[in-house]
Amino acid sequence: MKLKSTLLGAVAMAFVGQAAAAEDITVAYFLEWPMPFQYAKVKGMYDEALGGTVTWRSFGSGTEMSAAMASGDVHISVSQGIPPFVVAASGGQDLQVLDVAVSYSENDNCVVAEALEIDKNSAAELAGKKVAVPLGTAAHYGFLSQMNHFGVDLASLDIVNMNPPEGAAALAQGSVDMFCGWGGSLRRAMEHGNVLLTGAEKEELGILVFDATTASASYVAEHSDTVAKFLAVTAKANAMWADAANRDEMLGVIAQDAGMDVEATAASIDTFIFPTVAEQLSGNWLGGAAQTFMKGVADVFVGAGSIDASLDSYDAAVNIGPLEAAGSM
């Protein structure tokens, strides 16, 4: 196809002259979480830019990503939720946020079983109910924030740690009364219930939802050029997606890699926002707001007894150096 040739040709030209020593890395990502980087993943754009082989491993939650980075099994994680990142960083793990992978307030939420007929006006009736929540994740943070907003005592709830796919299945089977999660699991859960707050309503309360590309500080320090090139490919894929002319070519590839059909992929990705490099480096994101938000997330977790303590500041947990370098590639 002419469009396909144009897309791949543009990518190839973008990396002419960037050859470097080959480096093989392992990168974590999520299935059923469609993003533009997956087009680059499938088309070998990362391998070409890094001059080596990128091995991709799918994970069920951001907490699993933290563990994999701690063990050295994974070098970089794409779209790790900020809450699991904060939990790990607060516990002493040397992780750093490298970019804003995606903002998605409409694609991470809690769903109440339809039979209960509970909405935002009757949320107090959740007391005594069983909730499936992937602990230490963005969904967990959103759940805690919503329960705090509605004045629901956490001690009155039966909270069960479940990754989203299992939680959605449990809600469908009637094994739990409320589900919290994201992506395809959230869509399946919504077939059996309703959300308490919309994404816009959550944002009004200051409940932000975004993911980041992350890595250990030690890895970034030793492989800054590799990390910058990786981020540059991601940024180029995002820019390609932002051009409507590329949508049809990219959507099918992304859908297949995400393990989803095209219709479901479109429904999910259309609720996502992929900030440009310039936007990410601004004060609204990595220039200050993200660090402040992380501190807020940590304090919520401390208050809920989920972590022992928060850091005084999360400034050191953000490293914009590689992204600045990526922006000039």
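Predicted model: local features only at pLDDT ≥ 70, side-chain atom pairs only at ≥ 80, totals over all residues.
In which helix do Lys 295 and Asp 299 both lie, and how many residues apart are they? Residues are numbered from 1 along each chain as its sequence is written, and side-chain values use heavy atoms, with hydrogens and water left out.

Lys 295 and Asp 299 are both found in helix H15 (residues 289-303), at a spacing of 4 residues, which is about one turn of the helix; helices (H or I, at least four residues) and strands (E, at least two) are DSSP runs, numbered from the N terminus. The two residues form a salt bridge in which the closest N and O atoms are 3.5 Å apart, where a salt bridge is a side-chain nitrogen of Lys or Arg within 4 Å of a carboxyl oxygen of Asp or Glu. With a relative accessibility of 25%, Lys 295 counts as partly exposed, and Asp 299, at 37%, is partly exposed as well; here buried means under 20% relative accessible area, exposed means over 50%, and partly exposed lies in between (1.4 Å probe, protein chains only).

By the salt-bridge rule, the count comes to 6. One of the pairs consists of Asp 257 and Lys 41, whose closest N and O atoms are 2.6 Å apart. Because Asp 257 lies in helix H12 (residues 247-258) and Lys 41 in helix H2, this pair ties together parts that are 216 residues apart in sequence. Asp 257 and Lys 41 are both buried.

A salt bridge is also formed by Arg 188 and Glu 32, with 3.1 Å between the closest N and O atoms. This pair links distant parts of the chain, 156 residues apart, since Arg 188 belongs to helix H8 (residues 183-189) and Glu 32 to the loop between strand S1 (25-29) and helix H2 (37-42). Arg 188 is partly exposed at 32% relative accessibility, and Glu 32 is partly exposed at 21%.

A search of the whole structure for disulfides, defined as pairs of cysteine sulfur atoms within 2.5 Å, finds 1. The disulfide joins Cys 110 to Cys 180, with an S to S distance of 2.1 Å, and the link is right-handed, with 105 degrees about the S-S bond. Cys 110 lies in strand S5 (residues 108-113) and Cys 180 in strand S8 (residues 178-182), so the pair ties together parts that are 70 residues apart in sequence. Both Cys 110 and Cys 180 are buried.
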